[in-house]
Amino acid sequence: MPDQRDADDLLKLAVSRPHDAMAQAREILANRPGPLMASVAHQTAGIVLRDTGDVRAALAELRRALRSARQAVSADREADVLASLGVALVHANRTVAGLAALDDAVASASAGAQLGRMLHRRGGVLWVLGRYQPALEDLRRAVSLLQRDGDLAWTARALSARGLIYLDLGRPARADADFVVAEQLYSQTNQELESNLALVSRAWAAFQSGDLPGALRLIDDAASRYRPLNVPTPELSRDRCNVLLAAGLSSEALTEAEAALADIERARGPASLKAELLLTTANCALAADRPQAAIQNAQAALRLFRLQQRDWFAAHADLAVVQASYAQGPLTPQMLTAANRAAGQLEELGSREATQAHLVAGRIALELSRRDEATAHLSVAARSKNRGLATNRISGWLSEALAAEAATDSARMLMACRRGLAVLDEHRLTLGATELRARSTAQGAELAALAQRHAAQQRRPRNLLAWSERWRSTALAVPPVRLAPGTGFATDLAMLRQATSRLADARRDGGPTSALEREQLRLEKAIRARSLQAKGTPISTHQVLDVARLLATLGGVQLVEIVDVDGALHVLIATNGRVRQFPAGRTADVSRAADFARFALRRLARNRDSDDPDSAWAVLNAVGVELQQAALGPAAAALHDGPAVVVPPGRLHGIPWALLPILGDRVFSVAPSATAWLRAESLRPPTVRHVVLARGPGLATDGAEVPLAANLHADATVLSGPEATAARLLSELDGAWLGHVAAHGIFRADSPLFSALRMHDGPLTVYDFEQLGQAPYWLVLPSCDSGRLAPTGADELLGLVASLLPLGTAGVVASIVPLNDQAAVPVMVALHRHLRAECSLAVSLRHVRQETSGDPVRRAAAVSLLAYGTC
């Protein structure tokens with residue numbers, strides 16, 4: 001007959017290796033044990049079923065365990081089963097019965113460790129119900145009793161539960177201290193599943209401490225440790241979704257939340273956890289701009305929370321309904337009443353989300369012209385401007401700015417915008433990944449828009465320029481953090497190249513591809529995850545554009561900055577010591593015209609109009625006039641004959657600017673921001689003019705321009721065939737004066753940092769370029785779509801060109817549409833001829849456009865190329 005130690009070991013196994021525990025429990029029961037061991041086996045089965053989602057079956061097993069415990073006349077055994085039953089009852093929405101069972105368990109438990117276990121379980125349930133103070137009291141007593149008796153596993157559980165309460169009370173440092181000790185104790189007692197749960201909790205503590213990369217690393221570590229256990233992970237999915245939301249990865253968060261919700265519904269899992277996943281899904285849907293889905297999930301969560309008597313969570317679900325209803329519209333007085341109720345409930349509960357409730361209530365009141373009510377809510381929301389996480393402080397400053405705008409206090413409004421964006425700068429610099437930096441800027445979009453709108457309305461062009469630069473391409477202000485060699489990042493990139501090459505070969509040869517596609521996807525996920533986990537290196541606050549310095553540096557160059565204010569374009573021309581402001585068209589109109597222009601250029605590149613190229617160009621010329629009128633308006637006539645730098649908003653970077661009559665015959669470049677242009681202009685070319693020319697595989701012309709260009713540059717390094725590998729090319733490009741890469745280009749709209757050039761050994765991605773110590777001074781990328789950039793965040797850009805500018809590249813020539821292969825060769829050779837003659841990229845490109853005017857297809861190729869960076 002098994003002894004008490006065997007019983008304890010079996011119960012421990014239920015939460016460390018649940019499948020093994022269930023098998024052992026079934027084996028014990030099959031041998032008709034006595035009532036004591038039968039009680040343990042049924043309880044073990046009940047715990048496993050409860051934690052894996054089958055609550056109904058769990059309740060049946062736990063009731064059998066309770067009957068067996070009473071037959072064994074063991075008060076401690078009965079108390080232990082009562083506690084497990086109480087937890088399961090709460091999971092099944094039977095809150096009153098569950099708490100009663102837990103109270104009975106505490107009352108009937110003996111002193112010491114047994115009482116500590118009962119207090120832990122009751123404290124955990126009280127935490128789930130949002131009753132934090134009584135939960136904290138139970139868990140403090142539990143930790144003390146369990147430590148005194150040397151019960152390591154249960155001490156770890158009590159510490160984990162107490163840490164979760166500290167998290168909800170906004171004390172992440174105290175929480176993490178509990179989680180660290182708990183994880184160590186779990187490891188000592190071989191509690192693998194619970195050790196992983198502690199790691200997930202540490203991820204959430206890291207996030208609440210402002211360490212988003214650390215949170216992503218811990219949550220990914222936990223996910224990898226869960227896989228061998230083969231158990232459902234709804235808690236992991238819930239917490240991972242919240243971290244992804246904080247990172248601005250709303251689409252990914254929503255996908256994971258919906259999958260976790262489907263899993264728990266399929267498994268008939270705990271109703272308490274299902275309600276939490278519904279609320280998480282609602283928040284993800286709201287962030288992903290799907291308000292109707294957010295409303296549906298939040299309302300379903302609210303019904304469950306009320307049924308479960310979980311007031312804390314019900315108030316948060318109520319807030320989610322209000323936020324989603326506000327996003328969807330239309331506004332009604334009833335919506336304001338609901339917002340007032342949510343704000344009051346969350347204030348009473350002491351939730352940090354009360355700030356968001358007051359903010360949305362203030363917004364609704366403003367739009368309903370209830371200014372006094374709006375001011376009251378926004379003033380309360382503004383209290384968070386100096387406390388809490390960066391996201392909370394940004395919301396606080398936004399509330400302050402909105403209140404000031406409503407009071408027509410422009411000085412106070414601009415100060416709030418400035419302070420809020422400074423907090424965002426501080427947060428952004430804690431992030432090492434370019435993608436996270438870019439996405440994080442969305443949190444400051446409304447602050448910057450408030451200031452821009454004010455400057456535009458006041459007709460203050462210098463201020464409008466300064467505020468536009470304040471949030472434009474800030475993610476490119478500093479280079480991304482390079483991951484250390486020991487992280488495996490470079491190895492994963494090399495493995496991705498191999499997998500992608502094998503996949504391409506299999507597709508070409510008609511071989512099986514499923515396994516290779518899965519491997520490619522796995523490696524891409526691993527690479528992106530490692531990148532997102534990189535911590536930033538806060539070096540300084542964001543440097544605000546010095547307009548006077550910009551004007552002095554421009555000299556005879558004209559800066560043409562296009563600003564989108566609420567969908568209307570304003571053009572700023574900075575030159576000759578002054579900044580002028582002009583109205584232009586609508587962003588949507590320019591975007592539509594640009595789409596047609598790119599379509600027409602692609603069509604001409606494919607020789608679709610070879611029978612009548614003049615007609616094709618008549619259409620393109622007409623589109624150019626339309627683009628000029630919409631994008632520049634009267635500003636076009638204000639430009640003098642000198643060179644220009646065009647700085648468009650993120651959505652308009654893919655325009656073939658050379659089609660505009662005012663730009664086609666002049667020297668011009670394109671830059672993501674005036675600040676980026678200043679940085680590029682300040683760079684000096686290397687003293688040794690090392691030229692690198694490379695061609696990748698599979699080109700229709702075999703990269704014919706490369707050997708021809710090599711004849712123009714003495715001692716140029718030429719890479720082709722097996723020598724044109726990613727690693728060799730990066731090594732040669734590092735610090736070079738001029739690089740030219742003729743290769744197939746791939747633009748990944750779904751994941752812009754996997755945009756790549758196809759080299760002999762596979763794709764050379766943006767992630768690879770970001771590992772350069774010193775990017776080449778000039779770089780020519782004639783490949784398809786090499787100049788395409790993905791707008792991200794507030795007004796950020798991701799892609800090949802954008803990745804090179806912060807790394808020390810002064811200028812890049814790239815294509816915004818595929819080029820005609822045959823026409824690209826003479827166009828590129830002509831470009832190199834002018835570069836050899838000491839012309840800049842922009843000047844050389846102007847010469848090429850002029851020289852190709854007599855050949856429609858070559859002219860289309862020249863117009864499809866843009867010079868980025870310096871003039």
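Colleague: Where does Asn386 lie: in a helix or in a loop?

Modeller: This is a predicted model, in which local features need pLDDT of at least 70, side-chain atom pairs count only at pLDDT 80 or more, and totals for chains, interfaces and linings use all residues. Residues are numbered from 1 along each chain as its sequence is written, and side-chain values use heavy atoms, with hydrogens and water left out. Helices (H or I, at least four residues) and strands (E, at least two) are DSSP runs, numbered from the N terminus. Asn386 lies in the loop between helix H20 (371–381) and helix H21 (390–406).

Colleague: Is Asn386 buried or exposed?

Modeller: The terms rest on relative accessible area: buried means under 20%, exposed over 50%, and partly exposed in between, with a 1.4 Å probe and protein chains only. Asn386 has 55% relative accessibility and therefore counts as exposed.

Colleague: Which residues does Asn386 touch, not counting residues up to four places away in sequence?

Modeller: A contact means heavy atoms within 4.5 Å. On that basis Asn386 touches Arg393, Trp397 and Arg419.

Colleague: How many helices and strands are in the chain?

Modeller: The chain has 39 helices and 16 strands. One of the helices is H7 (residues 113–128), where His120 lies. His120 is buried because its relative accessible area is 13%. Leaving aside neighbours within four places in sequence, His120 is in contact with Leu139, Ala142, Trp154, Arg157, Ala158 and Ala161.

Colleague: Where is the place of Leu346, and is Leu346 buried or exposed?

Modeller: Leu346 is in helix H18. Its relative accessibility is 0%, so Leu346 counts as buried. Beyond its neighbours within four places in sequence, its contacts include Ala315, His316 and Leu319. Leu346 and Val590 are 45 Å apart, C-alpha to C-alpha, and 244 residues apart in sequence.

Colleague: What is the case for Gln24 in helix H2?

Modeller: Gln24 lies in helix H2 (residues 18–30). Gln24 is partly exposed because its relative accessible area is 37%. Leaving aside neighbours within four places in sequence, Gln24 is in contact with Leu10 and Leu13.

Colleague: What is the phi of Asp566, and where is Asp566 found?

Modeller: Asp566 has a positive phi of about 55 degrees, although it is not a glycine. Asp566 is found in the loop between strand S1 (558–565) and strand S2 (568–575). Asn576 is another residue other than glycine with a positive phi, near 55 degrees. Asn576 is found in the loop between S2 and strand S3 (578–586). With a relative accessible area of 59%, Asn576 is exposed.

Colleague: How many disulfides does the structure hold?

Modeller: A disulfide is a covalent bond between the sulfur atoms of two cysteines. Here the term is applied to a pair of cysteine sulfur atoms within 2.5 Å. The structure holds 0 disulfides. Cys241 is in no disulfide, and the nearest cysteine sulfur, that of Cys284, is 4.6 Å away. Cys241 counts as buried, at 0% relative accessibility. Cys839 is in no disulfide either, and the nearest cysteine sulfur, that of Cys871, is 13 Å away. Cys839 is buried, with a relative accessible area of 16%.
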